[in-house]
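I opened this notebook to record what I looked up in one protein structure. The entries run from the whole chain down to single residues.

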Amino acid sequence: MTKILVTTDFSIYSKAAIYFAMQLAKQIPVSITFFHSYHIMKPTSFSKERLEAYVKERTEEIAAKLKTFINETAEDLRISDDQFNCVIKESVVPDGNILDYAENGGFDYICMGTRGAGRIEKIFGTNTSHVINKSEVPVIAVPINYTPKRITNLLYVSDLLSLKDEMKRIMVLARSLQVNVEVLHFSFPSDISRNTVATEHFRKQLNYPVKFNIQENDFQYTLVKNIATAAEKASPSLLVMFTNQTKSFFEKLLFSSNSENVAFNTKVPLLIFRKNK
């Protein structure tokens, strides 16, 4: 059974991640844990007994708030409460708290909400971007404008350098969902023919219908723009990418200076794997 850790801070952004996880639960057997990282400010003037009572009361309030928040959403989507559980854990560093719990808990995916559009540094939010850049566990970033609907196709944006290994990891989810897979690669004009032949040879080895789409890279635009344009045409249920965490995910994605202000509409959920070393 697939284990998914869904983070929430009770914001409207995080609700999108809940919707996506619950959509998965309708299609495949999953175990969902809804996770909230919290920190209680402890008044220094309190006695030990009063402080313990205060912390206990606040912790119970937060746990109850999480359960209510999730139950209300689950009721909207008609998901039974035996398909998920709620966990709260205290830490002053939310992203580190999420990573620690996900990695120690043996989760297959971390699901987090995003703001959906705007300048690149504002799309994901600080905690989500930190988790993406550090996580050993694949991260699903879900935009605020996500509407739950059946997951039918994946669009994997590939550099083709580790195609065999990366496809193996993607196919675990694709096979369980029984969805179509399209592999998108932006190529130099001189490499299109060679890459087309190589991917066709690889496709024949797969025991699964996979479409390869080799496109000439349009250098008039950033990679982000080219990906967004291709995604709009393909209308995937899930966009899949791999990131080399020796560099920022955003550096790898943009191939441009950090000072460049780029608007990028994340209209579909984005699944981000860490590249193997």
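The entries below concern a predicted model.

**Entry 1: the whole chain.** I began with the secondary structure and found 9 helices and 10 strands in the protein chain. I then looked up burial: of the 277 residues, 49% are buried. The accessible surface comes to about 14,500 Å², and carbon and sulfur atoms account for 50% of that surface. I also checked how far apart in sequence the contacting residues lie. Taking contacts between residues at least 6 apart, I noted that 80% join residues at least 24 apart.

**Entry 2: the nonpolar cores.** I looked up the largest nonpolar core and found 50 residues in it. Val6, Phe20, Met167 and Val240 have the most contacts inside this core. Helix H1, residues 12-27, gives the most to the core, with 9 residues. Apart from it lies another core, of 26 residues, which includes Met112, Val131, Leu223 and Met241. As background I noted that nonpolar side chains tend to be buried together in soluble globular proteins.

I next asked which residues Val240 touches. Setting aside residues up to four places away in sequence, I listed Leu154, Leu155, Tyr156, Val157, Ile170, Leu271 and Phe273 as the partners of Val240.

**Entry 3: helix H1.** I compared the length of H1 with expectation. At 1.5 Å a residue, the 16 residues of H1 should span 22 Å, and the end C-alpha atoms are 24 Å apart, which agrees. H1 is mostly covered, as 12 of its 16 residues are buried. Among the buried residues of H1 I recorded Ile18, Phe20, Met22 and Leu24. The buried set of H1 also includes Ser14, Gln23 and Gln27.

**Entry 4: helix H3.** I found H3 at residues 94-104, with Asp95, Asn97, Ile98, Leu99 and Ala102 buried. Gly106 follows H3, and I noted that its phi is positive, near 65 degrees.

**Entry 5: Glu166.** I located Glu166 in helix H6, which covers residues 163-177. Is Glu166 buried or exposed? Its relative accessible area is 2%, and because the cut-off for buried is under 20%, I recorded Glu166 as buried. I then looked for its polar partner and found a contact of 2.4 Å between the side chains of Glu166 and Tyr156. Leaving aside neighbours within four places in sequence, I listed Tyr156, Ser158, Phe242 and Lys275 as the contacts of Glu166.

How values were computed. Residues numbered from 1 in each chain as written. Predicted model: local features only at pLDDT ≥ 70, side-chain atom pairs only at ≥ 80, totals over all residues. Heavy atoms only, no water. Helix = DSSP H or I, 4+ residues; strand = E, 2+ residues; numbered from the N terminus. Buried < 20%, exposed > 50% of the residue type's maximum accessible area, 1.4 Å probe, protein only. Contact = heavy atoms within 4.5 Å. Areas by Shrake-Rupley, 256 points an atom, 1.4 Å probe, with all protein chains shown as cover. Core = buried A, V, L, I, M, F, W, Y, C linked by side-chain atoms within 4.5 Å. Expected span 1.5 Å × (residues − 1). Polar contact = N/O pair within 3.5 Å; in protein donor to acceptor, adjacent residues only side chain to side chain.
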